[in-house]
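Work through the exercises below with the structure open beside the text. Each task is followed by a solution in steps.

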Amino acid sequence: MPLITAERRRTLRADVTASLVVFLVALPLCVGVAVASGVPAELGLITGIVGGLVTGLLPGSSLQVSGPAAGLTVLVFTAVSDYGLPALGVIVLGAGLIQVALGALRLGRWFRAISLAVVQGMLAGIGLVLIAGQLYALADAKAPGGGLADLAGLPRLVLATLTSQQALLALAVGVGTARLIAVWPRVSGRAGVVPGALVAVGAATALTALLDLPISRVEVRGLLHAIQPPGLSDAARLADVGLAATVVAFALIASAESLFSANAVDRLHSGRRTDYDKELVAQGAGNTVCGLLGSLPMTAVIVRSSANVRAGARTKLSRVLHGVWLLIFVALLPQALSYVPTAALAGVLIHAGWKLIPVREIRPLWRDHRGEAVVLLVTAAAIVTTNMFEGVLIGLLLAVVKTAWAMSHVHISVSDTGAGGGGVRVRLTGNATFLRLPRILDTLEALPQRHVELDLSGVRHLDHACMTALQGWADERNAHISQPAAGAGALGGPETAGAAGGAPGHPDTAGVRNAHISQPAAEAGALGGPETAGAAGGTPEHPDTAGAAGSIPGHPDTAGVRNAHISQPAAGAGALGGPETAEAAGSIPGHPDTARVRNAHISQPAAEAGALGGPETAGTAGSAGGPAHSPAAPHPKGPPA
């Protein structure tokens, strides 16, 4: 039997070929990211080597390729400007250790909970700042540093470029490089396997050398000279609050970018999916080594990863070999970098920065999800005007506020039966939170001084602020509302027949419930009271609320909450959340599309207990194979509360 089968030979050939493609893609990017970050070009290559030989060998994502990323360029440049190059190693080392700890604690999956609009806004902000900074390198000029400063200095840059022959030559080389990268996929034909960035940089380098153009080139100082491991004095600087915050920013942003890249790469192939916790540990291990060597931080890079998949890679061998090719290049041909014009690298990074901006996604996002589009634009603008860390925090805060506002939607309907002995019926549906409290109170305080029935059967969530405010409103209205007769079973009232005061564990809510919550039939017991075990039919207007007694399994204190918050599916619809709910009806009132969501999220009581609500729930098909329950006739409604 041969040691290497035909299948293994095909796999090996595919991985070797893919590794060469990834190496050719990574080489100009490693150098360009390092130069744009304000560090020696060799440090970018070191990070690429570590990404292949260290992170590439570890479990996590089999086809994802790691290295220095344009997404961290702005953050690295700011850190080097503020704390100096010697501090970069300890910053990256600290970030790597944090990543390892997060992965070991199995927190990698939680990075997927970040709003996509914030991530897109972060990348857009990075792209804008990167482009603004590289416009100066495009003309062989020095950038002022900082997003706003770079943008403010562009008019002066234009005037200086137009009056300088060297700047115009550099501009022509850089623009030509970026243009060739953009059109290469359309004109390359069979040569498309060669990366456009490599072709463009190679052409710019050859043209510059052939014509001996007087423009800036990459400075090369040697690999050993570039490596600067952090010392004890550098580690002591972690006591600086600003530097410590930078470490946390490196860790969180690099982790988020890597794991979002992993999610995107998984959609490109049908192989093994990414283990997010293991991938986070692998990224942390790589950054720890990079920190010990004093080099740039690494992330998973979607450009290299997608090139790896498209080139036919099958195993992690391709990404490991790409690190080997980078190491051989650095060892044998380091002086070749000294011929590369910096304007060409600026063209590469301007193209990369443009790709970070979701230009095509913004218009449909604005049309269909305007709130998400606002989060994206504000995050990008905040990064440009402040810095990466503060901009992302602003974006996250805005996303939370936007979500809270959207989730607090409440609908108020008022039905007035007339002044001749009739009353006013107010029905709330949705989520009653403090964000909507002004609107709720304005509506209630504008009601006439007659009997008011407030129906909360459609409310999914009632927070403490709303509860307290409604209690105050009820106390104020008690003088104008006649109390029900004894035996009527008024909700929470002192004359309630067979029903104790307020909600279990909340006796202070009795007045609120007595004054403004519609009452089930007298025989059914007070809402949430201890005598609700036998609750049958609901209110005449809402028979679908019948039997909302029993609490959520394992949470007996939620009986009253469930009665007020969750409506019951129609008879025969199947128990909410049970295994036979494929055709379940009974969505949230006013939101029929939520039926499937609710079915998937709410666990079902035991078969004998009937559908979600009480043990004698009327008209609901048996749950999880339990027997169906026959409908119970609704009781006549008691006197008005």
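The exercises concern a predicted model and go from the whole chain to single residues.

**Exercise 1. The whole chain**

Task: Find how many helices and strands the chain has, and what percentage of its residues is buried.

Solution: 
- Step 1. The chain holds 24 helices and five strands.
- Step 2. Of its 641 residues, 51% are buried; the cut-off for buried is under 20% relative accessible area.
- Step 3. Take the contacts between residues at least 6 apart in sequence: 73% of them join residues at least 24 apart.

**Exercise 2. The nonpolar cores**

Task: Identify the residues with the most contacts inside the largest nonpolar core, and the helix that gives the most to this core.

Solution: 
- Step 1. The largest nonpolar core has 40 residues, and Ile91, Phe250 and Met388 have the most contacts inside it.
- Step 2. Helix H12, residues 241-266, contributes seven residues, the most to this core.
- Step 3. A second core is separate and has 23 residues, including Val25, Ala307, Leu326 and Leu345.
- Step 4. Return to Met388. Leaving aside residues up to four places away in sequence, Met388 touches Gly71, Leu75, Met122, Ile126, Ile253 and Ile383.

**Exercise 3. Salt bridges**

Task: Which parts of the chain are tied together by the pair Glu7 and Arg314, and which by Asp455 and Arg427?

Solution: 
- Step 1. The whole structure contains eight salt bridges. Side chains of opposite charge can pair when their charged atoms come close.
- Step 2. In the bridge between Glu7 and Arg314, the closest N and O atoms are 3.1 Å apart.
- Step 3. Because Glu7 is in helix H1 and Arg314 in the loop between H14 and H15, this pair ties together parts 307 residues apart in sequence.
- Step 4. Glu7 is partly exposed at 39% relative accessibility, and Arg314 is partly exposed at 43%.
- Step 5. In the bridge between Asp455 and Arg427, the closest N and O atoms are 3.0 Å apart.
- Step 6. Asp455 lies in strand E5 and Arg427 in strand E4, so the pair joins parts 28 residues apart in sequence.
- Step 7. Asp455 is buried, with a relative accessible area of 2%. Arg427 is buried too, with 15%.
- Step 8. Asp455 and Arg427 also belong to a network of salt bridges with Arg425 and Glu453.

**Exercise 4. A nonpolar surface patch**

Task: Name the residues of the nonpolar surface patch and the helix that supplies its largest share.

Solution: 
- Step 1. Trp366, Val374, Leu377, Val378 and Ile394 make a patch of about 370 Å².
- Step 2. Helix H18, residues 370-385, supplies the largest share, three residues.
- Step 3. Trp366 is in helix H17, residues 359-368, and is partly exposed at 36% relative accessibility.

**Exercise 5. Positive phi values**

Task: Locate Asp140 and Asp212, and decide for each whether it is buried, partly exposed or exposed.

Solution: 
- Step 1. Most residues other than glycine have a negative phi.
- Step 2. Asp140 is not a glycine, yet its phi is positive, about 55°.
- Step 3. Asp140 sits in the loop between H5 and H6 and is partly exposed, at 23% relative accessible area.
- Step 4. Asp212 has a positive phi near 50°.
- Step 5. Asp212 sits in the loop between H9 and H10. With a relative accessible area of 59%, Asp212 is exposed.

Methods:
Residues are numbered from 1 along each chain as its sequence is written. This is a predicted model: local features need pLDDT of at least 70, side-chain atom pairs count only at pLDDT 80 or more; totals for chains, interfaces and linings use all residues. Side-chain values use heavy atoms; hydrogens and water are left out. A nonpolar core is a set of buried Ala, Val, Leu, Ile, Met, Phe, Trp, Tyr and Cys residues joined through side-chain atoms within 4.5 Å. Buried means under 20% relative accessible area, exposed over 50%, partly exposed in between (1.4 Å probe, protein chains only). Helices (H or I, at least four residues) and strands (E, at least two) are DSSP runs, numbered from the N terminus. Contact means heavy atoms within 4.5 Å. Patches are made of residues with over 30% relative accessible area and no salt bridge: like charges are joined within 9 Å, nonpolar side chains (Val, Leu, Ile, Met, Phe, Trp, Tyr) within 5 Å. Accessible areas come from the Shrake-Rupley method with a 1.4 Å probe; for residues, only the protein chains shown count as cover. A salt bridge is a side-chain nitrogen of Lys or Arg within 4 Å of a carboxyl oxygen of Asp or Glu.
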